Structures are given as structure tokens and as C-alpha cells.
Amino acid sequence: MLSYEDNERLVRVGPDTEMGRLMRLYWLPFLAARDVEADGQPYRVRLLGEDLVAFRDSSGRVGLVDHACPHRGAQMAFGRNEEDGLRCIYHGWKFGVDGRCLDMPAEPAGSAMPGRMRIKSYPVRERHGVLWTYMGPEAGNPPPLPDMEWNLVPEDQVVVTLRVQECNWLQALEGEIDSAHAAILHGRVDGGTVNQWRQAQDLMPSFECQQHDAGISIAARRKVGDEQNYVRVNQFLMPFWTLVPPQSQFPELSGHAWVPIDDEHTLCMMFSYHPSKTFYEKSRKVFKEGYNGRETGHASDHSFEQRPPTDPYHTYWSKFNRGNAYQFDYRSQVEKYKAGLPGLWVQDAACQSGVAPIYDRTREHLGTTDTGIARTRRFLLEALKRLATEQAEPVSVRQPELFMLRAISVTIPEGSDWMAAGRDLMRARLGEDFGYTP
């Protein structure tokens with residue numbers, strides 16, 4: 001378990017918090033590029049507790065600015081996006097993507113005020129259909145974007161979806177580096193594909209961790225067959241990335257960015273990709289539409305409820321939520337699906353969100369299968385300490401190549417060294433296949 005003080009250090013992400021300062025050292029993926037059109041409607045965003053508005057100007061550049069006009073606080077989500085700037089509807093103050101004031105129609109000609117006025121803004125970069133922002137202290141010399149393989153392969157090889165989850169970022173992230181839950185939470189009473197997963201053959205895996213410059217490799221070792229181990233290695237990468245190993249059916253690589261919206265909400269950006277081939281059309285269709293009325297690992301197009309455009313991420317709030325018990329169905333639990341919840345990510349979200357948006361971790365009782373979670377927490381706390389006492393940023397901030405890693409699922413002789421067997425396979429190389437049969 002964590003102390004109350006350490007739990008607070010890890011989950012609070014505002015500008016004046018330790019974790020907030022750490023997060024702001026990195027580029028944050030925050031929106032799909034398709035969500036903002038040139039001269040189109042602005043899109044409300046909240047990141048690390050800061051309220052913002054994204055818009056694409058007439059020239060195609062994307063801005064991320066304060067949600068409140070610096071004149072008298074009118075909502076910039078209502079702004080008129082026109083002629084290379086976002087204009088407040090109240091008095092017409094207009095701002096460019098860099099935050100400069102371009103026009104104040106009610107001020108006298110020759111006034112020096114427009115030249116002095118700025119709206120808070122953050123730089124935005126667009127890569128392969130995803131918008132990224134940097135909110136850190138080095139605005140004039142930001143670090144490079146991380147070399148995440150999913151965001152570097154051709155777009156026809158990847159699927160990216162977003163949704164809002166009602167809990168702090170760490171609760172969500174810890175669910176994905178916990179490999180022990182998969183066959184239990186996602187299993188079925190009546191058989192089915194999940195029950196055939198290789199991890200279902202051994203529900204008591206042993207866990208081994210290896211720290212590296214970008215984060216931690218977390219291996220779950222299971223006994224399968226005669227004198228063999230099936231080893232699934234998840235990756236935690238700073239500050240909020242997780243990578244998940246492939247399954248044998250339609251093998252793909254996947255993972256999440258668990259981007260903190262604020263202390264109690266998380267933007268879950270999921271990606272699935274094939275490292276060397278066009279992504280499976282069947283899988284793409286199932287992700288988009290769901291399967292027999294149930295959710296897959298991705299949020300389907302039918303899983304969202306519409307909210308007002310002044311709400312942050314108004315198009316990504318799920319109809320499966322705490323308020324309706326994630327549409328839990330006890331009859332389904334008894335007769336078919338062990339969790340009684342309508343699909344994979346819903347099952348994960350319901351458990352990750354727990355009984356509160358920020359769970360009191362002093363009440364936990366961790367077991368041996370929580371080794372990866374404990375090590376990740378310690379890794380993060382050590383990073384916070386170094387940043388606070390030595391002003392030492394993690395090395396991964398300015399070494400983008402450190403993120404070129406993969407999660408793997410390999411079968412090795414019983415008791416043999418998974419690091420030796422998987423070291424080369426865990427290194428991502430653009431254009432190269434898995435290098436083994438998952």
C-alpha cells in the first residue's frame with residue numbers, strides 16, 4: 001500500500017504539484033487531429049487541470065489557448081474561428097495560435113494595447129492524425145516528440161480511439177500493467193475466445209521487473225505445456241504510457257496514453273497497430289462498431305453520450321459510467337460473462353475507477369502479482385524526488401529513441417531468462433515485423 005502523502009503526490013497533477021511538474025516536461029497527446037477543422041468549431045480541452053480550447057486556423061495551424069478571454073472572461077469555446085484567428089464573441093478580441101492578440105475592434109486606432117495583450121497558449125504539433133502539446137517550462141526549447149512506434153507507422157497500420165474515464169490517471173494506468181487480471185476479469189462462464197487465451201492456462205503467474213531508462217518492463221511468467229513458460233511483458237513508459245503484448249489471434253501491438261485531464265478524470269487514448277502490415281480490416285470494423293452489442297478494447301462509435309461543447313472532451317464521454325454502474329447486468333454475470341459488464345474496456349474501466357475517483361491506497365493489501373504496480377509507483381516517486389531535490393529531469397524527456405520499445409509475448413524454456421530471450425524483440429524497429437510468432 002501507499003501512504004496517504006505518497007498517494008497524493010502521485011495523483012495530483014495541477015501546475016503547482018510535483019506530478020504536475022513532472023508531466024509538463026513531456027509532450028502530451030491530447031486530441032485527434034480530425035476533431036478540429038480549419039475555421040471550424042473550437043474544441044474544449046482540459047489537461048493537467050488547466051482549461052483550454054483547441055482550434056485550427058484558416059492556414060491549418062492548430063492552437064491551444066486559455067478557455068477564457070483575458071478581457072472579461074467570456075468563453076472562447078464560443079469563439080468565431082475566422083481569418084487565421086479565434087475571435088471572442090463578446091467584444092471581438094482576436095487571437096492567433098501563438099496567443100498574440102491580432103485585433104481589438106472596440107479599441108481606438110493606434111492603441112498599443114493589442115500589441116501587449118496575449119492569451120495563454122501552448123505549442124501544438126501534429127503527427128499521424130494526433131495532436132500533441134507541450135505545457136512545460138522550456139517553451140522556447142521544448143524536447144522532441146517521443147518516438148512512439150504507433151505514431152510513426154503509416155496511418156493504415158494503426159487504430160487510435162479516445163474516451164474519458166472517471167478516475168485519476170494512475171488508477172487507470174495500473175490496470176493495464178496488471179497482467180494477472182486478464183483471464184479472470186474478461187473470462188466467460190460459458191467458454192469463448194477469452195477463455196482460450198494462453199494466460200488462462202495459468203491464473204497464478206509470477207512477476208519479474210526490469211527497470212530501464214524509459215520506464216519498467218513487467219514480465220508475467222506462466223507455466224504452459226511441458227517444461228515451458230509463456231511470458232507476457234508489458235511496458236510502462238514515462239510518464240503515462242503502457243504497452244500491451246500481442247495475442248496469438250490476429251496479433252497486434254497495443255497500449256494507452258493515460259493522460260490526466262485533472263485529478264479525477266483521465267483521457268484514455270488507445271492505439272492498436274501492426275508493425276509492418278496494413279491493420280486488419282475485420283479488427284478495425286469491430287473496434288468501430290463493437291461486437292454483438294459489446295465493447296472491445298476500443299471505445300466503439302456507439303459508446304458515447306453527447307455533452308455540451310463547453311464541457312471538456314464533450315464528444316468522448318461514455319454512456320458506460322459510474323452513474324449507471326457501467327450497465328452492469330447480474331443475469332449476464334451468472335449465465336455468460338464473469339464480470340457482468342458489456343465488453344473488455346468497460347470491464348477494465350469499472351474496476352480501475354473503483355469506488356472513488358481517487359482511491360485511498362492506504363486501504364490496499366497488495367499481493368505478489370502486484371509486483372509491477374509497486375515497482376512503477378516506486379519508480380515514479382523516485383523521479384519526483386530527483387526533480388524536486390536535484391532539478392534532474394528523467395533522461396527520457398530529451399531522448400525520444402528511448403520510447404522505441406515493444407511489449408512481447410514469448411514462449412521460452414521453463415525458468416530461462418526472459419530478458420535474454422526478449423531483449424532484441426522488445427526493441428522497436430520501424431517497418432520490421434514481430435520477429436517471432438506471438
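Predicted model: local features only at pLDDT ≥ 70, side-chain atom pairs only at ≥ 80, totals over all residues.

Student: Why is Pro 438 called buried?

Tutor: Buried means under 20% relative accessible area, and Pro 438 has 17% relative accessibility, so Pro 438 counts as buried. Pro 438 lies in the segment after helix 10 (418–422).

Student: Which residues does Pro 438 touch, leaving aside those up to four places away in sequence?

Tutor: With those set aside, Pro 438 touches Pro 246, Gln 247, Ser 248, Pro 251 and Ser 409. For Pro 251, which is 187 residues apart from Pro 438 along the chain, the separation of the two C-alpha atoms is 6.7 Å.

Student: What makes helix 4 (residues 169–176) a mostly covered helix?

Tutor: Eight of its eight residues are buried, and they are Trp 169, Leu 170, Gln 171, Ala 172, Leu 173, Glu 174, Gly 175 and Glu 176.

Student: Why are helix 1 and helix 9 called roughly perpendicular?

Tutor: Helix 1 (residues 4–11) and helix 9 (residues 371–390) pack at an angle of about 80°, their axes being 10 Å apart. Angles of 65 to 115 degrees count as roughly perpendicular, and the two helices are therefore described in that way. The contact is made by Asp 6, Arg 9 and Leu 10 of helix 1 together with Arg 377, Leu 380, Leu 381, Leu 384 and Lys 385 of helix 9; by class, it comprises four nonpolar, four charged and no polar residues.

Student: Why are strand 1 and strand 10 said to stand at the edges of their sheet?

Tutor: The sheet is open and has three strands in the order 1-11-10, with antiparallel pairing. Strand 1 (27–32) and strand 10 (124–127) each have a single partner strand, so one side of each is left without a neighbour in the sheet. From one strand to the next, the twist averages 35°.

Student: How do you know that strand 1 and strand 11 are paired?

Tutor: Pairing requires at least two bridges between the strands, and strand 1 and strand 11 (residues 130–134) have five bridges, in the antiparallel sense. Thr 133 of strand 11, for instance, is the bridge partner of Leu 28.

Key
Residues numbered from 1 in each chain as written. Heavy atoms only, no water. Buried < 20%, exposed > 50% of the residue type's maximum accessible area, 1.4 Å probe, protein only. Helix = DSSP H or I, 4+ residues; strand = E, 2+ residues; numbered from the N terminus. Axes fitted to C-alpha atoms, helices over the stretch in contact; angles between N-to-C directions. Parallel < 35°, antiparallel > 145°, perpendicular 65-115°, else oblique. Contact = heavy atoms within 4.5 Å. Nonpolar A, V, L, I, M, F, W, Y, C, P; charged D, E, K, R; others polar.
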